[in-house]
Amino acid sequence: SRIFLREQLALHFDLDDRTIRNKVAELANYVPVLSLSDKKGYRVLSFDENTPIEELVKMHEEMQHQINEFRSRIDNLKARMKPLVAMQKVIEKKLNN
């Protein structure tokens, strides 16, 4: 695992914070990336046969926490989407009459 602070990434690549966040989000589609709890950086996860069990346990717990956060966000987005979909259906019905 390696930790990358957003500030360091921005300076190294000469990119603004939003661009860094977007690039990391894109990277996270291909490799496991965790946001640090202080929101100041990221941890790119990796391991090999020499990784201590304690580190694997820690990584597993951190991944589970991130997965739980994602599930909570998905639930919140679904709830917010319901009234939009309902109104869209009403409008579509009016437009088709």
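A: A salt bridge is a side-chain nitrogen of Lys or Arg within 4 Å of a carboxyl oxygen of Asp or Glu, and by this rule the count comes to 5 salt bridges. This is a predicted model, in which local features need pLDDT of at least 70, side-chain atom pairs count only at pLDDT 80 or more, and totals for chains, interfaces and linings use all residues. Residues are numbered from 1 along each chain as its sequence is written, and side-chain values use heavy atoms, with hydrogens and water left out.

Q: Why is the pair Arg 43 and Glu 55 called a salt bridge?
A: Their closest N and O atoms are 2.2 Å apart, which is within the 4 Å limit, so the pair qualifies. Arg 43 belongs to strand S3 (residues 41-44) and Glu 55 to helix H3 (residues 53-95), so the contact ties together parts that are 12 residues apart in sequence; helices (H or I, at least four residues) and strands (E, at least two) are DSSP runs, numbered from the N terminus.

Q: What makes Arg 43 count as buried?
A: Buried means under 20% relative accessible area, exposed over 50%, and partly exposed in between (1.4 Å probe, protein chains only); Arg 43 has 7%, and therefore counts as buried. Glu 55, at 24%, is therefore partly exposed.

Q: How do you know that Arg 73 and Glu 69 form a salt bridge?
A: The closest N and O atoms are 4.0 Å apart, so the pair meets the rule of within 4 Å. Both residues lie in helix H3, 4 residues apart, and are therefore separated by about one helical turn.
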